[in-house]
Amino acid sequence: AECSVGAFFKRRDLMIQSEYSLGLLAFVLVLLVGGVMVFNRIANKYCIAPIEKLFALVNSFAKDPMAKLGNFENDSLDELYELEQSIRKIASLLQVGIGLAGKETIARCLRTTGDINPIAVGIKVNCLFGFCDIRQFTDATECLQEQVMLFTNSVGHIVHHAVHDCGGFANKNIGDAFLVAWTGDKLERRIAQVQHSDRNKQIGAVFVDNELELAVRDKWAPTVGDLAMASFIRLTICVRGATALSELVQNPALQKRLPGYTVRLGCGLHVGWAIEGALGTQKKIDATYLSPATNIAMGLESATKQYGNLLLVSQETYKLFSPFVRQLVRKIDCVFATAGADPFDLYTYDCSTSLAVHPDEAKEKAMAEHVFDYPLAITPAFRAAFAEGLEFYLQGNWAEAKLTLEMANEQFAVNAKKNTTLDAPDKPTLALLKFMGASDFKAPADWAGSRELE
């Protein structure tokens, strides 16, 4: 049988097939790499980066709960964007609700794992406390009814913004009253300067640090005490100039009960140590300060009713003022908080009760740099005469004090008829005359130059 042998040349076909396979493999690789890159870019933009951003946000908030959180950025999926918004809102609510006094409590709870335990040992700090109270608030509540919330929050808005713009912060809202405070490095440095100055005086130094500060307007650098005083002057004049408040207090029922009623705030300023921390249980906590200084600040506010003015300042707070501001305040008495406590000088700032500034204007013109430019409610001549009468009073020479103070007040009343910015008669003068009159203007045998703060 015959056998046939054939040969086929397939090299070209195999080369074409191999090239096709390589091309297909390259195409698949490019497709896979491109897909991975696109997927990675999309996943990083809409998933990984937003989640890392959330972690960074929480860690940043844990390090400094009072830091500004910034604005929302919608650069992620709707769900993650909503989650970021929720975290920012919760953090903002914590900042507003707990405040600076709860800063360490928030940070500690976020840094630890497990169940939340907000209760811990407090921190001892120095604080400058301010206490404000709305006068005749009970009557306003009964007459305004549902509008009392708008009334109170309008006053709170003025108080809080004035304090925050001057470096302080709000601590507590107690219905008709507001507790505010200043703390931090600026206060610590100022207290250290004052203590150093006091030590120099005790050893009879030729000059002290505070005397190097110039008591002139153009060379004035506001201290933390100046800022606190400026904020209280600002809020006092702004509650009188706020249009919304003026409209609210025109309520017929309120005006019928208290004809001519206007919003007035009594204020007290005192500085001292305090224990900062969370007060309460796992069910409810309040970030606050526990200190005798807060009680003294409240006592000073209460005493404004006794002295007839709107702002009282303790001696320790007076020491924090710059020489420029010290020459503007007036010493009106020497008191002690409780029996056995050390006496301290009592000061006031004579802000005219006729002065009213709208809050919007105050934000520009009633800051620390400008608020002390407003005219005082007393004259230099009356200030000098009052200081002389006060010295007689403190020395126990009440008969001479009566004569000096009465003559000064009479002359002051005459001057006030020509100048509407003056507040006559002077209320602290009347308070001293009333106190001395209760003893027939004869100082008690045990008079030591001070009396208990009522």
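Reader: How many nonpolar, polar and charged residues does the lining of the second largest pocket have?
Author: This is a predicted model, in which local features need pLDDT of at least 70 and side-chain atom pairs count only at pLDDT 80 or more, while totals for chains, interfaces and linings use all residues. Residues are numbered from 1 along each chain as its sequence is written, and side-chain values use heavy atoms, with hydrogens and water left out. Sorted by class (Ala, Val, Leu, Ile, Met, Phe, Trp, Tyr, Cys and Pro are nonpolar, Asp, Glu, Lys and Arg charged, and the others, Gly among them, polar), the lining has 11 nonpolar, 6 polar and 7 charged residues.

Reader: Which element gives the most to the lining of the second largest pocket?
Author: A pocket is an open set of points on a 1 Å grid over the protein atoms alone, where a 1.4 Å probe fits, with protein on both sides within 12 Å along at least five of seven lines, and lining residues have an atom within 4 Å of a point. Here the lining counts 24 residues, and Asn309, Leu310, Cys351, Thr353 and Asp423 lie nearest the centre of this pocket. With 4 residues, the element that gives the most is H7.

Reader: What is the volume of the largest pocket?
Author: For the second largest pocket the volume is about 370 Å³, where a volume is the space filled by probe spheres set on the points, which are joined across faces, edges and corners. The largest pocket is lined by 36 residues, and Gly99, Leu100, His164, Phe169 and Ala170 lie nearest its centre. The space in this largest pocket comes to about 960 Å³.

Reader: How many residues does H5 give to the lining of the largest pocket?
Author: Elements that each supply at least two residues to this lining include helix H2 (78-98), helix H5 (148-165) and strand E2 (169-174); helices (H or I, at least four residues) and strands (E, at least two) are DSSP runs, numbered from the N terminus. By class, the lining of the largest pocket has 14 nonpolar, 15 polar and 7 charged residues. H5 gives the most to it, and its share is 6 residues.

Reader: Which residue forms a salt bridge with Asp139?
Author: In a salt bridge, a side-chain nitrogen of Lys or Arg lies within 4 Å of a carboxyl oxygen of Asp or Glu, and the whole structure has 9 of them. For Asp139, the closest N and O atoms of the pair are 3.1 Å apart. Asp139 lies in helix H4 (residues 137-144) and its partner in helix H9 (residues 252-257), so the pair ties together parts that are 118 residues apart in sequence. Asp139 and Glu142 are linked with this partner in a network of salt bridges, and the partner of Asp139 is Arg257.

Reader: Is Arg234 buried or exposed?
Author: The side chains of Arg234 and Asp165 meet in a salt bridge of 3.1 Å, N to O. This pair links distant parts of the chain, with Arg234 in helix H7 and Asp165 in helix H5, 69 residues apart. Asp165 is partly exposed at a relative accessible area of 28%, given that buried means under 20%, exposed over 50% and partly exposed in between (1.4 Å probe, protein chains only). Arg234, at 5% relative accessibility, counts as buried.

Reader: Which helix holds both Lys402 and Glu406?
Author: Lys402 and Glu406 form a salt bridge in which the closest N and O atoms are 3.1 Å apart. Lys402 counts as partly exposed at 26% relative accessibility, and Glu406 counts as partly exposed at 28%. The two lie 4 residues apart, about one turn of the helix, and that helix is H15.
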